[in-house]
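User: I would like to go through the labels used for this model and the cut-offs behind them. Can we take them one at a time?

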Amino acid sequence: MKDVFVKLGTDFLSTIVFLALYLATGNVVLATCVAIAGAVIQLIYARFKGQQLGFMTYASLALVIVLGGATILTQDPRFVLAKPSIAHFAIGAVMLKRGWMLRYVPAIVVDTIPEYVTFAGYAWAALMFALGAGTIAVAMTGDLKLWAFYVTFVAAGAKIVAFAVQYVAFRVLVTSRIRAARA
């Protein structure tokens, strides 16, 4: 579990740095430049350590540079604030693959309710698209406090609630199918 939080922190470090600096100084150019520099330093550090870098690492760096550049040119933080929506849309697109979730659930769930697991995979894709659209909508307001609240609590909370609902639903469905098969 610790590795997941480290990975998330690493993936969103430039966004966290941008937000903290922008809220502290009110200077969008400074915050954006430091965020871009931080992303480049992360990449250099990973290469120096010999870490294997995947497509998403380079894509994230490109997004930071492109959206950061747009933010600097326009003096408008909304471009950087929209960055997490791209991740939501990309993840949502991957989740549209039929049966993607089957490898992430226990065998008893796969054997008992595979059709519900497939449906849940599509529901997760829809959630990711909705959260991405919400991130853009909130970013377009330009209100950093609202954006920080949305990304931190609403987006994360929606995923936690969805996971909890899915967990309970899968348990109830598996239990009822097993009982029905025994009867």
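**Contacts, burial and cavities**

Analyst: T71 touches V28, T32, D76, P77, F79 and V80, leaving aside residues up to four places away in sequence. Contact here means heavy atoms within 4.5 Å. This is a predicted model, where local features need pLDDT of at least 70, side-chain atom pairs count only at pLDDT 80 or more, and totals for chains, interfaces and linings use all residues. Residues are numbered from 1 along each chain as its sequence is written, and side-chain values use heavy atoms, with hydrogens and water left out.

User: Why is T71 called buried?

Analyst: Its relative accessible area is 1%. Buried means under 20%, exposed over 50% and partly exposed in between, with a 1.4 Å probe and protein chains only. T71 is therefore buried. Across the protein, 31% of the 183 residues count as buried.

User: Which helix holds T71, and what makes a run a helix?

Analyst: T71 lies in α4. Helices are DSSP runs of H or I with at least four residues, strands are E runs of at least two, and numbering starts at the N terminus. The protein has nine helices and zero strands.

User: What makes a space a cavity and not a pocket?

Analyst: On a 1 Å grid over the protein atoms alone, a 1.4 Å probe fits in a cavity but cannot get out; a pocket is an open set with protein on both sides within 12 Å along at least five of seven lines. Lining residues have an atom within 4 Å of a point. The whole structure has one cavity of 30 Å³ or more. The largest cavity has a volume of about 80 Å³. α4 gives the most to its lining, with four residues.

User: How do you know which lining residues of the second largest pocket are nonpolar?

Analyst: Ala, Val, Leu, Ile, Met, Phe, Trp, Tyr, Cys and Pro count as nonpolar, Asp, Glu, Lys and Arg as charged, and the others, Gly among them, as polar. The lining includes Y116, W124, Q166 and L173. By class it has 11 nonpolar, one polar and no charged residues. Q166 is therefore polar.

How values were computed: Grid points are joined across faces, edges and corners, and a volume is the space filled by probe spheres set on the points.
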